[in-house]
Amino acid sequence: MRELDTSGYSCPEPVIMTKKALKDSPDGLSVIVDNRASKENVTRYATALGYSIRAEEGDGNWKLIISK
């Protein structure tokens, strides 16, 4: 599964990066975010597209597992 690290970026950049990555990996990917707003916005975006999301928290970051 492809991993996308959006640490250091503020919204809407993580959502835009996720959108582009999902075009290349439509079956899913994992996205690393480092702030709550990005976590919520990426989750909301992927859910709206019909993806399932699993969030794993660690060291101030979240790894969002996005899958069909």
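Visitor: Where is Ile66 found?
Guide: Welcome to a predicted model, where local features need pLDDT of at least 70, side-chain atom pairs count only at pLDDT 80 or more, and totals for chains, interfaces and linings use all residues. Residues are numbered from 1 along each chain as its sequence is written, and side-chain values use heavy atoms, with hydrogens and water left out. Helices (H or I, at least four residues) and strands (E, at least two) are DSSP runs, numbered from the N terminus. By that scheme, Ile66 is found in strand S4.

Visitor: Is Ile66 buried or exposed?
Guide: Buried means under 20% relative accessible area, exposed over 50%, and partly exposed in between (1.4 Å probe, protein chains only). Ile66 has a relative accessible area of 0%, so the word for Ile66 is buried.

Visitor: At what angle do H1 and H2 pack?
Guide: Axes are lines fitted to C-alpha atoms, for helices over the stretch in contact, and angles run from 0 to 180 degrees between N-to-C directions. The axes of H1 and H2 are 9 Å apart, and the helices pack at an angle of about 35°. The contact (heavy atoms within 4.5 Å) involves Pro14, Val15, Thr18, Lys19 and Leu22 of H1 together with Ser38, Asn41, Val42 and Tyr45 of H2. To come back to your question, the angle is about 35°.

Visitor: Why does Gly28 count as buried?
Guide: Gly28 has its place in strand S2. Leaving aside neighbours within four places in sequence, Gly28 is in contact with Met1, Leu22, Tyr51, Ile66 and Ser67. Gly28 counts as buried because its relative accessibility is 8%.

Visitor: What is the relative accessible area of Ser30?
Guide: Ser30 also has a place in strand S2. Not counting residues up to four places away in sequence, Ser30 touches Met1, Arg2, Glu3, Leu4, Lys63, Leu64 and Ile65. Ser30 is buried, and its relative accessible area is 4%.

Visitor: Which residue lies over the face of Tyr51?
Guide: A charge sits over a ring if NZ of Lys or CZ of Arg is within 6 Å of the ring centre and within 35 degrees of the ring normal. At 4.4 Å from the ring centre of Tyr51, the residue over the face is Lys68.

Visitor: Is Asp59 buried or exposed?
Guide: Asp59 lies in the loop between strand S3 (52–58) and S4. Its phi is near 55°, a positive value in a residue other than glycine. With a relative accessible area of 81%, Asp59 is exposed.
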